[in-house]
Amino acid sequence: HSIEDDGIKFGMVVTGRVRDDKLITNAGAKPGDLLILTKPIGSGIMTKAHTLGFALQQEIDEAIEIMKTLNKTAAEIMSAFPVHSCTDITGFGLTGHLHEITLASKVNAVVYYDRIPFMQGAEKMASMGAIPGSTKANEAFAASFTDFTTLNAAQHALVCDAQTSGGLLISIGRDHTALLLAALRDKQVSAFEIGKISSAGNGEITYKFGV
């Protein structure tokens, strides 16, 4: 977490070791890969909606359960497949963390908005204006590398929404996508194909509908 203070502070902690041959980074995505997301989006907006008194209790309860769910099972299943790249979706939102993949991998991506899973109530809450400041900051940052022209204001916010304990975003070759999706769903991990790595490039992201 960030703090504002006069003094400089720095902290590190080692929580484990990973073998070099087991590393999955955000830098290996390849043109033609498909993108898989393992949790619905919307926790920042739902949290803001809760503080404003907009959201129903059942919607908040669902959001909490999603945030409490670990990525452990998804990561274990993923490790058995030839995944090219992966990151988790947290404070920079879906768009910001996908940009980390596209920029590091020197590729461009297309995301189909109507394939993205959202938390119950998130789209309605966004349309009512329950947009956190961090999500607005993400929107401003993403403007230089993302084509949002197909999205309205609420949709724009949703794809930039700052997440708490978001899911994994996985880039994998088309030939292995169906098997990975089936393996994840077999273990009750929500998993959705939301887009593709469209070409080599400089990290640009485009949102589309209906494909």
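1. A pocket is here an open set of grid points, on a 1 Å grid over the protein atoms alone, with protein on both sides within 12 Å along at least five of seven lines. The model is a predicted one, and its second largest pocket holds about 180 Å³ of space. Val18, Lys22, Leu23, Ile24, Thr25, Asn26, Met78, Cys86 and Thr87 line this second largest pocket. By class, that lining comprises five nonpolar, three polar and one charged residues.

2. The largest pocket has a volume of about 210 Å³. Its lining is made up of 14 residues, and those nearest the centre are Thr38, Thr69, Gln188, Val189 and Ser190. Helices α2 (57-68) and α3 (72-78) each contribute at least two residues to the lining of the largest pocket. This lining divides into five nonpolar, six polar and three charged residues.

3. Rolling a probe the size of a water molecule over the atoms shows where empty space is left. In this model, one cavity of 30 Å³ or more is counted, and the largest cavity has a volume of about 40 Å³. Phe92, Thr95, Gly96, Asn138, Phe141, Ala142 and Cys160 form the lining of the largest cavity. The elements giving two or more residues to that lining are α4 (93-105) and α6 (133-142); the largest share, three residues, is from α6. Four of the lining residues of the largest cavity are nonpolar, three are polar and none is charged.

4. The sheet is open and consists of seven strands, in the order β2-β5-β1-β6-β3-β7-β4, with mixed pairing. Its edge strands, each pairing on one side only, are β2 (83-88) and β4 (146-147). Strands of a sheet pair through backbone hydrogen bonds, either parallel or antiparallel. For strand β1 (residues 34-37) and strand β6 (residues 192-200), the sense is antiparallel and there are four bridges. Leu34 has Lys196 of β6 standing opposite.

5. Which residues have the most contacts inside the largest nonpolar core? They are Met46, Leu94, Ile116, Val159, Leu169, Ile194 and Tyr207, in a core of 41 residues. Helix α7 (residues 153-160) provides the largest share of this core, with five residues. Apart from this core lies another, of 15 residues, including Ile36, Leu168, Ile170 and Leu180.

6. When its neighbours within four places in sequence are left aside, Met46 is in contact with Ala55, Glu59, Ile60, Ala63, Met119, Gln120, Gly121, Ala122 and Met125.

7. Two backbone angles deserve attention. Most residues other than glycine have a negative phi, and most peptide bonds are trans. Lys106, although not a glycine, has a positive phi of about 60°. Lys106 is found in the loop between α4 and β3 (107-112). With a relative accessible area of 59%, Lys106 is exposed, the cut-off being over 50%.

8. Gln188 also calls for comment: its phi is positive, near 60°, and this residue is other than glycine. The loop between α8 (174-186) and β6 contains Gln188. Is Gln188 buried or exposed? Its relative accessibility is 70%, so Gln188 counts as exposed. Gln188 is also among the residues nearest the centre of the largest pocket.

Note on methods:
Residues are numbered from 1 along each chain as its sequence is written. This is a predicted model: local features need pLDDT of at least 70, side-chain atom pairs count only at pLDDT 80 or more; totals for chains, interfaces and linings use all residues. Side-chain values use heavy atoms; hydrogens and water are left out. A nonpolar core is a set of buried Ala, Val, Leu, Ile, Met, Phe, Trp, Tyr and Cys residues joined through side-chain atoms within 4.5 Å. Buried means under 20% relative accessible area, exposed over 50%, partly exposed in between (1.4 Å probe, protein chains only). Contact means heavy atoms within 4.5 Å. On a 1 Å grid over the protein atoms alone, a cavity is a set of points where a 1.4 Å probe fits but cannot get out, and a pocket is an open set with protein on both sides within 12 Å along at least five of seven lines; lining residues have an atom within 4 Å of a point. Grid points are joined across faces, edges and corners, and a volume is the space filled by probe spheres set on the points. Ala, Val, Leu, Ile, Met, Phe, Trp, Tyr, Cys and Pro count as nonpolar, Asp, Glu, Lys and Arg as charged, and the others, Gly among them, as polar. Two strands pair if DSSP finds at least two bridges between them.
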